[in-house]
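Here is a quick tour for someone who likes cut-offs spelled out. Have the viewer ready and follow along.

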Amino acid sequence: MLALLPQAIIDGVLLGGIYLTVAMGFSLAFGVLHIIDFAVGEWIMLGAFIGLIFTKWLGVDALLSLPVVFVIFAVVGWLLQPLLHRVLSGSRGRPVLMGLVFTFGLALAFRGSALTVFGIFTHSLDTVLSQGSWHLDWGPFFLTVPLIRLAGLVYALAVILGFNYLLKRTDFGLAVRAVAQNKEAAGLMGVDVNRTSAAVYGLYVGISAMTGVFIGAIVSLNAGMGPDLSIFAFFVVVLAGMGYLAGVPWAAFLLGLIQSFFLIYFNPSHVLLALFSILYLILLISPTGMFRKGV
Amino acid sequence: MSGAVLKLEEVRMAFGGLIAVDDVSFEVTPGEIVGIIGPNGAGKTTIFNAVSGYYRPTRGRISFLGQDVTGRQPYELAAMGIGRTFQIVKPFAGLSVLENILVASYLRHPHQGEARSKAWEVLRFIGLADRADLAAAGLTLAGRKRLEMGKALALEPKLLLLDEVVAGLNPTEADQTVQLILKIRDTGVTILIVEHIMRVIMKISTRIIVLNYGRMIAQGRPEEVARDRQVIEAYLGESAEATGGSTP
Amino acid sequence: MRGRPAWLWILLVIAAVGTVPLLIADAFFLRLFTEALMWIGLAITWDLMAGYIGYLNFGHGVFFGVGAYTAALLITKGGWPFWPALALGGLAAGLVALVSGWPTLRLRGAYFAIGTWALNRAVGQVALVLDFTGGPDGMRLPPFLHPQFFAYVMLGVVGATFLILWLLLEQAPFGLKLKAIREDESGSLAIGLNPAWLKLQAFVLSAVPTGILGGVYAYWITFIDPSSTLGDLITDQAVVMAIFGGLGTLIGPVIGAVLFFSFKTYFWAYLSDYQVLYLIILGLAIAATVFFLPDGFWGTVANRWEGRRALRKGLSLGQAAGT
C-alpha cells in the first residue's frame with residue numbers, strides 16, 4: 001500500500017498541473033472580465049479536437065499543433081467577447097445571470113456540434129512524448145513519470161510564469177489589471193477597455209484550447225468531456241476562494257492529489273462524487289475557500 | 001440600565017491591522033437626534049455597520065434597549081427595532097416603490113392586507129405615494145434616499161440609523177429631508193445620523209459625537225463641539241461653517 | 001385584478017384543460033399532452049429559483065431523477081403502490097435539496113449554478129455504477145398503459161404545483177421576499193429578512209414537485225435510466241423553456257414550455273434522425289434568447305404593456321403637475 005504513495009503523490013502533482021491551467025484561465029476571465037464562463041470545458045474539448053485534426057489529417061505531432069491551436073482559439077475568443085459583453089451590459093433582464101445562461105447555452109451548442117461532427121467516440125492524441133516515461137528506482141519505490149504528463153506540468157508552469165510576466169511587467173498587463181479593478185476609471189485613463197477585454201478573453205480561450213491538446217494527449221478526448229472539466233475548474237476556484245488568484249495553484253495541486261489518491265486507492269468511478277463531497281464539506285466549514293480569502 | 005436606547009461600550013472594529021473603530025463608547029437616550037461627524041475614514045459608517053449587525057465588533061459591547069446585541073444578525077436587530085439606511089442607496093431596483101416598502105412592512109405585519117395598509121401609510125409619510133407603482137430604479141436620487149428611509153420606517157424602528165441621507169441633494173431637497181427627519185423624531189423614534197453637510201447636522205442634532213481615526217475626540221451639544229479645539233484641528237477650517245459664520 | 005380572485009381563474013383553466021383528455025382519446029395525442037404538462041411543471045419549478053431569487057440551478061434535473069428512481073425502486077423492489085411511492089419520490093427530492101442546499105446556497109449565484117450542476121452529474125454517476133439501480137441499463141417498471149390516467153395525474157400534479165406556487169409567490173409575502181433577496185441580498189438583511197432560510201425553503205419547494213414529476217414519469221414511461229432522468233437534458237430543456245418564456249413570473253415558463261415543446265415535437269417529426277442536432281439547437285436557442293430577448297417572450301410582452309400603462313400614468317402625472 002505504502003509503496004504506491006510516492007507514485008500517488010507524483011501523479012497528483014502532475015494532475016494538479018493540469019487542473020491549474022484549466023483553472024487559471026477561468027479565474028482570469030472572472031477576475032478581469034467578471035465572466036463566469038460555463039463553456040471553459042468546451043473550449044478545452046474543442047482545442048483537443050483541433051489538435052486531433054492536426055495529428056490525424058496532417059500527420060503533425062500534437063505538440064507542434066499547440067501554437068496553431070492557440071492562435072485559432074485566441075481569435076475566436078477575441079471575436080466572441082463583444083457578444084458576451086453586450087449580454088453582460090444589457091439593460092433589460094438581469095445581466096449577470098443572463099451572462100451565465102448565455103455561456104451555458106454556448107457550451108451546449110459547442111458540445112452538440114462536437115458530438116455531431118466527431119461522434120461519441122473517445123480518441124487520443126499522439127505525440128513524440130506519448131510513449132516515453134522516466135522510471136525511477138528508489139529503494140522499495142518504483143516511480144513512473146510519463147513524459148507527456150511531465151510536459152503538461154511544464155506547460156502549466158510556463159503558463160503561470162507567462163501570465164505573471166504579462167500581468168506585472170508589460171503595459172498590456174497593466175491595462176488588464178486596471179480594467180480588472182475599475183473598468184470605468186481605466187477607460188478614463190486611456191485604456192481601450194473593449195480591446196483589452198477582447199484580448200483577455202482571447203488569451204483565456206487560447207490557453208484553454210492548448211490545455212485541451214495536453215489533456216487529449218495525457219488522458220484522452222471525447223466530445224462529452226467538457227462538463228467534467230468545467231466542474232473541475234470551478235472546484236479549484238471555489239476551493240481556492242472565489243476571486244483569490246494566489247490560492248489557485250494550491251487548490252489545484254490539492255485536488256490533483258485527492259484525485260490521484262482516489263484513483264490509486266479507491267474506485268475511480270466515484271471520483272466526481274468524492275470531489276463533490278469534499279468540496280461540500282469545505283464549503284460547510286469555510287465558505288470563502290481554504291484560505292478564507294474568497295469573496 | 002440608564003434607559004438608554006443604544007449603548008456602545010469600548011467597541012473596537014479591527015480589519016486585519018487596520019483599526020477602524022478604536023474603543024468607542026457612547027450612549028443614546030430616547031428621543032435624541034445624535035449626529036456623528038468626522039473626516040472621511042473616521043469610522044462613522046463602520047459604527048453603523050456594527051450597530052446594525054453587518055459587522056461583528058472585534059471587541060466591546062453593544063446594547064440596545066438594555067439587551068446585549070453584540071454580534072447579532074441584521075434581521076434580528078431589525079426585529080428588535082433597529083432600522084438603517086445605507087450610504088450608497090440600495091433600493092430593490094426591480095421592484096416598484098410600493099413593493100420596496102411592502103417587503104419591509106412584512107416584518108411587523110405578516111399579513112398581506114395589513115402590510116399593504118402600512119406600506120401606503122409609510123409612502124404618504126415620506127411623500128412618495130404618487131410614485132408608488134414606479135420601478136424603484138426610475139427614481140431620482142432624492143426619491144431613492146426617501147425610499148431608503150421609508151424602508152427603514154416600515155420596520156417601525158425605535159432607533160433609526162441615517163447614513164448620509166442628505167448628501168448629494170440640492171438645497172431644496174435637503175431641506176425637505178431635514179423636515180422629514182424632524183417629523184420622524186416627533187413620532188418618537190430615536191435617531192442616530194451620520195452626515196457630512198455641517199449645517200444640517202449641526203442644526204438638527206441634540207448632541208454631536210466627533211470621530212477621528214476611529215476614536216471619539218469630542219461629544220456634546222453642537223455649539224460646544226464646534227468650539228472644541230481638537231475638533232477644529234481635525235477639520236481645519238470647517239468650524240467656521242459649522243457655527244454659522246461666527247468665529248470662536 | 002378586480003372580480004373573481006386569481007385562484008379561481010387558475011382552477012377554471014385547469015378544469016378546462018382537464019376536459020381535453022375526455023374529448024380526445026388518441027393515445028399519441030395524450031402522450032404529447034402529458035409530456036407538455038410535465039415540461040410546464042419542470043419549467044415553473046426551475047423558474048422559482050432562477051426568476052424569483054436569481055439562483056440558477058443547472059442541476060435541477062437531479063430532483064427529477066431522484067424522484068424517478070425513488071419511486072421506481074419502491075414500486076419494483078418494495079412492492080409499494082403508486083401514490084405512496086410518488087409521495088416518497090417527492091420527499092426524497094426535497095431531502096436532497098435540504099441537504100445539498102445548506103452549503104451550496106451560500107455560494108453566489110454563478111457558483112451555485114455549477115455546484116448544483118456538479119451534484120446532478122455526481123448523482124448520475126452513482127446511478128450508473130450502482131447495481132441495484134440497474135446501472136446503465138436502468139430500471140423497468142410494471143406496465144400500466146392508461147394514457148388518460150397519466151394525463152390526469154400529470155395535470156393534477158402540475159396544476160396543483162402551479163396553484164400552490166401562485167399562492168405562495170404572487171399572493172403571499174413569500175414571493176416578494178424572494179424577489180427582494182434577488183435584488184439585494186445584503187440589503188434584505190436590514191429589513192428583517194433571513195435570506196439563508198428563505199432560499200432554503202424555496203429550494204426545497206422547487207425540488208419536491210420536480211421529484212413527484214419524476215415519479216410520475218417513471219411509472220408512465222415504465223423505463224428509466226441515468227441518461228434520461230439524471231442527464232443534462234432535463235435541466236437544459238427546462239432552462240430554455242423558462243428563459244424563452246420569461247423569468248420571474250409563473251406565466252412566462254408556462255408559455256415557454258408550451259411553445260418550445262411544440263417546436264420540439266415538430267422538430268422530432270421531421271428531424272429525428274439528427275438527434276444530436278437537438279443539443280445544438282437547444283444551446284443556440286438559449287444563447288439567442290438571452291441575447292435578443294432577455295426578458296423572454298412573456299416578459300417582453302408584459303413590459304410593453306407595463307410601459308404603456310406607466311407612460312399613460314406618467315403623462316397624466318405630468319399634466320397634473322403642470323409640466
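What follows goes from ground rules to chains, then contacts between chains, then a few local details.

## Ground rules

This is a predicted model, so to speak of local features needs pLDDT of at least 70, side-chain atom pairs count only at pLDDT 80 or more, and totals for chains, interfaces and linings use all residues. Residues are numbered from 1 along each chain as its sequence is written, while chains are lettered from A and ligands numbered from 1 in the order in which they are written.

## Chain A overall

Chain A has 11 helices and two strands. Both kinds of element are DSSP runs, numbered from the N terminus: H or I with at least four residues for helices, E with at least two for strands. Read from the N terminus, the order is α-α-α-α-β-β-α-α-α-α-α-α-α.

The radius of gyration of chain A is 19 Å, which agrees with the value near 19 Å for a compact globule of 295 residues. That radius is taken over C-alpha atoms, and the globule rule is 2.2 Å times the number of residues to the power 0.38. The C-alpha trace spans about 65 × 50 × 35 Å along its principal axes. Of the 295 residues, 50% count as buried; buried here is 20 or more other C-beta atoms within 10 Å of a residue's own, exposed is 12 or fewer, and partly exposed is in between, with C-beta atoms placed from the backbone.

## Chain C overall

Chain C has 15 helices and two strands. Its radius of gyration is 20 Å, close to the 20 Å from the globule rule for 323 residues, so chain C is as compact as a globular protein of that length. Its C-alpha atoms fill a box of roughly 75 × 50 × 40 Å along the principal axes, and 52% of the 323 residues are buried.

## Who touches whom

Two residues are in contact if their C-beta atoms, placed from the backbone, lie within 7 Å. Two pairs of chains touch, and the pair with the most contacts is A and C. Chains A and B do not touch; their nearest C-alpha atoms are 9 Å apart.

Between C and B, 18 residues of chain C are in contact with 25 residues of chain B. On the chain C side, helices H8 (173-183), H9 (185-190) and H15 (296-321) each supply at least two residues. H8(C) gives the most, with six residues.

## A kinked helix in chain A

Helix H3 (residues 66-88) of chain A has 23 residues and should span 33 Å at 1.5 Å a residue; its end C-alpha atoms are 31 Å apart, which agrees. That expected span is 1.5 Å times one less than the number of residues. A kink of about 30° lies at A:Leu80, shortly before A:Pro82; the bend is the angle between axes fitted to the seven residues ending there and the seven starting there. Among the buried residues of H3(A) are A:Phe70, A:Phe73 and A:Gln81.

## An enclosed strand in chain B

Five of the five residues of strand S3 (residues 33-37) of chain B are buried, so S3(B) is largely enclosed by the rest of the structure. Side chains in a regular strand alternate between the two faces of the sheet. B:Ile33, B:Gly35 and B:Ile37 lie on one side and B:Val34 and B:Ile36 on the other, all buried.

S3(B) pairs in the parallel sense with S8 (residues 190-194) over four bridges, where pairing takes at least two DSSP bridges. B:Gly35 has B:Ile193 as its bridge partner in S8(B). Four bridges also join S3(B) to S9 (residues 207-212), again parallel, with B:Ile36 opposite B:Ile209.
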